[in-house]
Amino acid sequence: MSNFNLESVPPSIIHKILSKVATNHIRDFGSARIAFSGFNQIGRDDYFYQSANLIGSNDWIDEVNAVRTFRLRCYQAGNPEAIYLRGMHEFFQLHLLDEGREKTHLAAERGLELAKFVDGMLNLAFSVDDGGLFHKYPNFSREFVHRMNCMIQTELPSGHWGYDKPQEFMSLLERIKNPIFSNDCWCSAIEEPVFVVSYNGSRTQWKCDRCFWQCEVWDFCNEIHLTVANWPIED
C-alpha cells in the first residue's frame, strides 16, 4: 500500500493498524513509524499508549529493551492492560499480593473485563473459610464466567509455568474442595443430575449456585497462574 493511500485512511483505522503491528512485533512498530508520517504521529500520542493491546502480545525476546520502553510508556499512560499485567506479575511472580491485587482492581475499575473477572474471582477465592465455604460471591452472569474462563484457557497461556507461586495462594487450593469429589451439598441428593461441560472439557455435576461457584473457583485457581507473563520493566 502506498503512502498516498494510507493518507486517505481515517486516523482511527491508522491507530488500529499501528496497535496491531506493535502487538505482533516491536521492531515492525518502529519501522512503520519511520515509513509513514501518519504512523509516527499516532505513535507520539499518549492516547495510543493508553489503549494499546498488550494482553496476548508477543514477548519479543530479541527486542527486550524496546519492549521495556514500550510497556513502560503504556503503564505510565494508564493503560489498563499494562496495569493488569504488572499486577499479575507482582502477585504471582514477586509474591507482592496486596500490590498485585490493587493493580488488578484498578485495571478492572478502568474497564478491562478480564481484570474485572480476575479481581472478582480472587476475592471469591480469598473469602473461603476453613470449612470450604465462600463469603464474597461476585455479581457475574454464568455466561460471563464461561466466556472469561474460555479466554484464560485458550488464548492467554504465557508459557511461564515453572515459577514458585505464593504460598498464600497455593494454600487456597487446600481449602477449596474439588467439586468433582464434593458431595456435601443438598443438591447432590437430587435424583436427576445436571451436567455442565466446563471450559476445560471436564464434565461436572452441579445444581445450586454454591456448587457452580465452587466448580468455577477451583478451575480458576488451577489455571490463572498459567497466564502470567514476565514484566521486563525496571522502574
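## Leu172 in helix H11

Leu172 lies in helix H11, where helices are DSSP runs of H or I with at least four residues, numbered from the N terminus. The model is predicted, so local features need pLDDT of at least 70 and side-chain atom pairs count only at pLDDT 80 or more, while totals for chains, interfaces and linings use all residues. Residues are numbered from 1 along each chain as its sequence is written, and side-chain values use heavy atoms, with hydrogens and water left out.

Leu172 counts as buried because its relative accessibility is 1%, buried being under 20% relative accessible area, exposed over 50% and partly exposed in between, with a 1.4 Å probe and protein chains only. Apart from its neighbours within four places in sequence, Leu172 is in contact with Ala125, Phe126 and Val128, contact meaning heavy atoms within 4.5 Å. Asp130 stands 42 residues from Leu172 in sequence, and their C-alpha atoms are 9.6 Å apart in space.

## The buried side of H11

Within helix H11, which covers residues 167-175, the buried residues are Phe169, Ser171, Leu172 and Leu173. These buried residues pack against helix H7 (80-93), helix H9 (113-126) and helix H12 (209-223).

## Glu102 in helix H8

Glu102 has its place in helix H8, a helix that spans residues 97-109.

Notes. Helix = DSSP H or I, 4+ residues; strand = E, 2+ residues; numbered from the N terminus.
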